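Dear colleague,

I am passing a structure on to you, and I would be glad if you could look through it alongside the notes below. They are meant for someone opening it for the first time.

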Amino acid sequence: MDKIEIFTDGACKGNPGVGGWGALLIAGDNKKELFGGEKDTTNNRMELMAVIQALSVLKRPCHIILHSDSQYVLKGITEWIQGWKAKGWKTASKAPVKNVDLWQQLDQAQSTHRIEWKWVKGHAGHPGNERADQLANRGVESVL
């Protein structure tokens, strides 16, 4: 199983506002950079989109170490999602899960991989996270 390290980040100018996502994928000596943006979105949606887009380019099941500075993404995928699914995509207070479309896409996208989810402090000088942040900002610029 191929081992890949992925760094993802989202950015938003205004929340909601113009947003971008970025991802850096590293497999051995190979690197791939991805970014994109949307005109009317939120920071959380861009954080989710970065992970979804990064996973979507993988052609076969991989062992992934995925780094994100988003507690929303990490807690959502490792802690909250099973309960949401069991409750028909409702929260503990019976409210609809926000961004359910993206959570469902992420659930599907991650299903064939073995993923270690790692939190990294944002804007703290970590090279992979800093690059993902730069790519997310390029995503914002791409739709301005």
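Trp80 is partly exposed, with a relative accessible area of 34%, where buried stands for under 20% relative accessible area, exposed for over 50% and partly exposed for what lies in between, with a 1.4 Å probe and protein chains only. Please keep in mind that this is a predicted model, in which local features need pLDDT of at least 70 and side-chain atom pairs count only at pLDDT 80 or more, while totals for chains, interfaces and linings use all residues. Residues are numbered from 1 along each chain as its sequence is written, and side-chain values use heavy atoms, with hydrogens and water left out.

Trp84 is buried, at a relative accessible area of 10%. Trp84 also forms an aromatic pair with Trp103 that is edge-to-face, at 5.1 Å centre to centre and 65 degrees between the planes. As Trp84 lies in helix α2 and Trp103 in helix α3, this pair ties together parts that are 19 residues apart in sequence. Trp103 counts as buried, with 0% relative accessibility.

The structure holds three aromatic pairs in total. In the pair of Trp80 and Trp84, the ring centres are 5.9 Å apart and the planes stand at 50 degrees, so this pair is tilted. For these terms, rings of Phe, Tyr and Trp (its six-membered ring) pair if their centres lie within 6.5 Å, and planes under 30 degrees apart count as stacked, over 60 as edge-to-face and the rest as tilted. One aromatic cluster is formed by Tyr72, Trp80, Trp84 and Trp103.

Turning to charged side chains, the structure holds six salt bridges, a salt bridge being a side-chain nitrogen of Lys or Arg within 4 Å of a carboxyl oxygen of Asp or Glu. One of them joins the side chains of Arg45 and Asp101, at 2.8 Å from N to O. Because Arg45 lies in helix α1 and Asp101 in helix α3 (residues 100-110), this pair ties together parts that are 56 residues apart in sequence. Asp101 is partly exposed, with a relative accessible area of 34%.

Another salt bridge brings together the side chains of Lys85 and Asp107, again described from N to O, at 2.8 Å. Here Lys85 lies in helix α2 and Asp107 in helix α3, so the pair ties together parts that are 22 residues apart in sequence. Lys85 counts as partly exposed at 34% relative accessibility, whereas Asp107 is buried, at 15%.

Within helix α2, Lys75 forms a salt bridge with Glu79, and the closest N and O atoms are 3.9 Å apart. The two residues are four apart in the helix, separated by about one helical turn.

Finally, helix α1 (residues 43-56) has 14 residues and reaches 20 Å from its first C-alpha to its last, close to the 20 Å expected at 1.5 Å a residue, where the expected span is 1.5 Å times one less than the number of residues. Helix α1 is mostly covered, with ten of its 14 residues buried, among them Arg45, Met46 and Leu48.

With best regards
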